[in-house]
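Please look over the structure below. Some questions and answers about its parts follow.

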Amino acid sequence: RVAGVIEELGLTDVENNRIGNAVQRGISGGQKRRVTIGSALVTMPRILLLDEPTSGLDSRTSREVMSASE
């Protein structure tokens, strides 16, 4: 299930990278947002409420995020 969500959200190229923090650089902000969404999708929730999940994402990535949550 995890591998499928990673692929659906377009995170395969960074799946082995650290997320990072204020001190250590990691993946991009858009990728961090998708990781957060993916963490919720892995549990296969019946209902998933997201507050502006695509804000700050480019149109291609926004489409990937919305398609993964179907």
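This is a predicted model: local features need pLDDT of at least 70, side-chain atom pairs count only at pLDDT 80 or more; totals for chains, interfaces and linings use all residues.

Q: In which helix is Arg 34 found?
A: Residues are numbered from 1 along each chain as its sequence is written, and side-chain values use heavy atoms, with hydrogens and water left out. Helices are DSSP runs (H or I, at least four residues), numbered from the N terminus. Arg 34 is found in helix α2.

Q: Is Arg 34 buried or exposed?
A: Buried means under 20% relative accessible area, exposed over 50%, and partly exposed in between (1.4 Å probe, protein chains only). Because its relative accessibility is 8%, Arg 34 counts as buried.

Q: Which residue has its backbone oxygen 2.7 Å from a polar atom of the side chain of Arg 34?
A: Leaving aside neighbours within four places in sequence, Arg 34 is in contact (heavy atoms within 4.5 Å) with residues including Gly 10, Thr 61 and Glu 64. The backbone oxygen at 2.7 Å from the Arg 34 side chain belongs to Leu 9.

Q: What arc do the buried residues of α2 cover around the axis?
A: In α2, Gly 30, Gln 31, Arg 34, Ile 37, Gly 38 and Leu 41 are buried. They lie on the same side of α2, because the arc they cover (of the directions from the helix axis to the C-beta atoms) is only 120°.

Notes:
Helices (H or I, at least four residues) and strands (E, at least two) are DSSP runs, numbered from the N terminus. A polar contact is a pair of N or O atoms within 3.5 Å; within protein, one must be able to donate a hydrogen and the other to accept it, and residues adjacent in sequence count only if both atoms are side-chain atoms.
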